[in-house]
Amino acid sequence: MRRSTVLVDLSYAPEGVWRGDELGEAGAATYPSGHPGLDAELPGGGWPLGAMTELLQPDAEAPLWPVLLPSLARAVAERAQPVVLIGPPHEPFGPALAAGGLPLESLLWVRADAAPARLWACEQALRCAEVAAVLAWLPQARLGELRRLQLAAARHGALLFVCRPDAVAPSASPARLRLRLQPRPDGQLDVHLLKRRGPPLAHPLPMPGRGTRLGGLLDATRSARPVVPASTRTQPMGEGGATVVRLDLRRALRQDPAHALARASVAA
């Protein structure tokens with residue numbers, strides 16, 4: 001049998017065909033991250049709508065809000081709908097989030113310790129059209145469970161962020177975008193793009209580890225009055241102990257700056 005050799009010109013690709021060495025289009029709607037440098041590296045120029053964005057952290061208390069605050073604040077302002085936080089490691093720190101443009105009254109905190117309750121709450125939030133975005137901490141989620149959330153986000157066009165430990169980076173994920181947020185000793189953040197439709201990013205994107213407005217807020221509290229305890233309203237969600245917590249605006253920073261900074265590590 002006679003063999004023939006076929007040469008393929010990789011410098012040419014027909015219209016509509018994506019080349020793996022180029023940054024691809026999102027294939028669906030996107031929402032600006034609020035960081036021009038990051039948007040330039042994301043397919044479609046922003047966070048995908050109707051798809052999961054996975055955020056990997058060395059620990060649950062590592063800063064992530066500097067990356068998410070601009071887009072979440074804009075989504076709340078445009079849609080006048082809440083952001084649902086599911087299983088955050090600490091109570092949302094209102095002054096820090098408000099300093100970044102996200103009012104405390106725009107947050108729905110779902111308090112749930114059990115992994116099944118968090119997954120259930122996340123699915124319910126994704127099915128709700130009156131939610132601007134869902135941000136969930138799911139350290140124990142398995143591949144099949146993540147696929148369910150991905151399908152729920154796609155079905156309703158939701159903006160979904162899932163936080164997981166950095167240790168799961170070698171494992172498969174259905175997320176359309178996968179980022180590693182790595183704090184640096186100087187207080188800045190390195191953002192690694194682990195998964196996107198396009199070539200790997202050779203170097204991480206540097207970002208501030210704390211917003212300038214938050215820094216000014218914390219500095220100004222060194223002579224602040226003692227904290228006024230926040231009043232909360234809780235309501236059971238009806239599945240596995242998940243509880244919705246509504247936080248009021250009557251919260252101030254504590255006098256102790258170290259305590260404020262410790263809590264702000266999560267909220268900023």
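Which residues does E123 touch, not counting residues up to four places away in sequence? In this predicted model, the partners of E123 are R148 and L149. E123 itself lies in helix α4, which spans residues 115-127. Its relative accessibility is 11%, and because buried means under 20% relative accessible area, E123 counts as buried.

Helix α4 packs with helix α5 (residues 143-156) at an angle of about 15 degrees, and their axes are 9 Å apart. Angles under 35 degrees count as roughly parallel, so α4 is roughly parallel to α5. The crossing of the two helices, α4 and α5, is left-handed. On the α4 side, the contact is made by L119, C122, E123, L126 and R127. Helix α5 contributes E145, R148, L149, A152, A153 and H156. Sorted by class, the contact of α4 with α5 holds six nonpolar residues, four charged residues and one polar residue.

A disulfide is a covalent bond between the sulfur atoms of two cysteines. A search of the whole structure for such pairs finds zero disulfides.

Notes: Residues numbered from 1 in each chain as written. Predicted model: local features only at pLDDT ≥ 70, side-chain atom pairs only at ≥ 80, totals over all residues. Heavy atoms only, no water. Disulfide = S-S within 2.5 Å. Helix = DSSP H or I, 4+ residues; strand = E, 2+ residues; numbered from the N terminus. Buried < 20%, exposed > 50% of the residue type's maximum accessible area, 1.4 Å probe, protein only. Contact = heavy atoms within 4.5 Å. Axes fitted to C-alpha atoms, helices over the stretch in contact; angles between N-to-C directions. Parallel < 35°, antiparallel > 145°, perpendicular 65-115°, else oblique. Left-handed = near helix turned anticlockwise from the far one by under 90°. Nonpolar A, V, L, I, M, F, W, Y, C, P; charged D, E, K, R; others polar.
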